[in-house]
Amino acid sequence: MKRFQVLIVTRRYWPHCDDASSRLTAFVSGLRRQGCYPTVLTPRYQATWPAEFQHREIPVLRPLAAPRGEWSMARYVRNLGKWLREQLPRFDLVYCDMMREEAAAVVETARQVGVPSVVRCGTLMGTQDIVWQASLRARRNTFVRSFAADAVIAPRASCQQALLVAGAKAATIVRIADGIGDPIRRTPESCKAARLTLGNMNHDLMVPVDGKVILCMNRLSPEGGVLTLASALWPLLEAQPDLRLWMIGDGPWRQKLFNDLKHNGVGQAAFLPGNFDHVEELMQAADMFVLPSAASGAESFWPAAIAAALPTAVVDCADTRAFAMAAFSELHSFPADSTDKMREAVQNVLDDLPIAAAGAQRMRSQLSAAASFSDTIRRHVQLFERLAGNSSAKNVSGATG
């Protein structure tokens, strides 16, 4: 049986372990489990990085240097188009994880070589393609060129509506929600084992015997809400010696955060250990999850916390409400940029973890029933195979006509 070859085009992939990259890594692995053979095409951010390698048995190609600005972006897109014209015919379908410069090149080249193309519209604040395209006319033109794809994935109803308003054809828009992954079973034994493993790996992650861990996985940058979080939680860390704050991730504000936490006297209770390729042990080891901003952390890490039924405090905004739907009532929430309300929400979770855990389990059940990650993968595979079948039929018809 012929292997179904899918080319995945994205701007960031492993070793980037940020929120969007982690979501795509899970998506690619899911395609492989469903019998597809994905290959990832992504730029090279360091000259020393290999041009190709395998990550979790998935081929990753990095033939081009990453764009660094507007001028280098034009050169990158030009070289991407050239590479696609030469290599795309050996694939059955091409998928682009955003509706930006890469997507325009992918869609136009795919049309030229007769390979079906699919693009995904980013929806959460950090990857909201609709907002990105509205800022400049050139971006708008690039965005609209993506409408020529054989299918445009809209993860949410609001995204679907925005695409229609922007001029996309209803017939090409396909609603496929980003589902919740398989349940991560948390027990006192698994928590103890995860803390032991993480503590042996990084001594900063050692936890007192009866200690509690607050987990945050937002990018350490202005849009990540992490400075507000640090300002909100340092009084709790100071008052509760066995409380720990793990701020997982990286970004330009890493040093500023470290300095602020140290200045407030909680440098031994709040830690910034960097990125993690696997998050399951973090979910097992934590007592609660906090999402200070939907600009990062909400695409992959918050859904992982939901899959783990981890008690959670989240920022109250349109994106988090749209994602959680009716289950939002199970969460402790706070308005953005309010340190007092954020601290109060986190303390309320910590004060009664069993009740918060029961709410998190109800939320997991509701959201998993609405859209599981396995359903998300299955629907993508069905779409890909249908488009590739239609393309093959057209090619045969053209050859015999």
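This is a predicted model: local features need pLDDT of at least 70, side-chain atom pairs count only at pLDDT 80 or more; totals for chains, interfaces and linings use all residues.
**Entry 1**

I began with how the chain is divided. The domain assignment gives domain 1 as 4-179 + 373-399 and domain 2 as 188-370. I then looked up how far apart they sit, and their C-alpha centres lie 31 Å apart. On the contact itself, 17 residues come from domain 1 and 15 residues from domain 2. The area buried between domain 1 and domain 2 is about 1500 Å², and carbon and sulfur atoms give 49% of that area.

Next I asked myself: how many salt bridges are counted between domain 1 and domain 2? The count is four. I also looked up the pair arginine 56 and aspartate 277, whose side chains meet in a salt bridge at 3.3 Å, N to O. Polar contacts came next, and eight residue pairs make them across the interface of domain 1 and domain 2, both residues being at pLDDT 80 or more. On the side of domain 1 that touches domain 2, helix H1 (residues 19-33) gives the largest share, with four residues. I sorted the residues of that domain 1 side by type too, and they divide into five nonpolar, five polar and seven charged.

A reminder to myself: side chains of opposite charge can pair when their charged atoms come close. The overall count comes to 16 salt bridges. I picked out aspartate 97 and arginine 23, which form a salt bridge with their closest N and O atoms 2.6 Å apart. Aspartate 97 is in the loop between strand S5 (93-96) and helix H3 (101-113), while arginine 23 is in helix H1, so this pair ties together parts that are 74 residues apart in sequence. Are these two residues buried or exposed? Both aspartate 97 and arginine 23 are buried.

My next pair was glutamate 299 and arginine 120, whose side chains meet in a salt bridge at 3.6 Å, N to O. This pair links distant parts of the chain, 179 residues apart, with glutamate 299 in the loop between S12 and H11 and arginine 120 in strand S6 (residues 117-120). Glutamate 299 has a relative accessible area of 10%, so I noted it as buried. Arginine 120 counts as buried as well, at 2% relative accessibility.

I then checked how these residues connect. Arg23, Asp97, Arg120, Asp178 and Glu299 are linked in a network of salt bridges.

For a local pair I turned to aspartate 340 and arginine 343, which meet in a salt bridge at 2.7 Å, N to O. They are separated by about one helical turn, because they are three residues apart in helix H13 (residues 339-351). Arginine 343 counts as partly exposed, at 21% relative accessibility.

**Entry 1: proline 292**

Last, I looked up where proline 292 sits. Proline 292 lies in the loop between strand S12 (288-291) and helix H11 (301-307). Its relative accessibility is 5%, so proline 292 counts as buried. Which residues does proline 292 touch, not counting those up to four places away in sequence? I listed Cys216, Asn218, Gly224, Gly225, Leu229, Val315, Phe334 and Met342. I also compared proline 292 with threonine 228: the two are 64 residues apart in sequence and 7.6 Å apart in space, C-alpha to C-alpha.

Definitions and conventions
Residues are numbered from 1 along each chain as its sequence is written. Side-chain values use heavy atoms; hydrogens and water are left out. Helices (H or I, at least four residues) and strands (E, at least two) are DSSP runs, numbered from the N terminus. Buried means under 20% relative accessible area, exposed over 50%, partly exposed in between (1.4 Å probe, protein chains only). Contact means heavy atoms within 4.5 Å. Domain bounds come from an automatic or database domain assignment. Buried area is the accessible area (1.4 Å probe) that two parts lose on being put together, summed over both. A polar contact is a pair of N or O atoms within 3.5 Å; within protein, one must be able to donate a hydrogen and the other to accept it, and residues adjacent in sequence count only if both atoms are side-chain atoms. Ala, Val, Leu, Ile, Met, Phe, Trp, Tyr, Cys and Pro count as nonpolar, Asp, Glu, Lys and Arg as charged, and the others, Gly among them, as polar.
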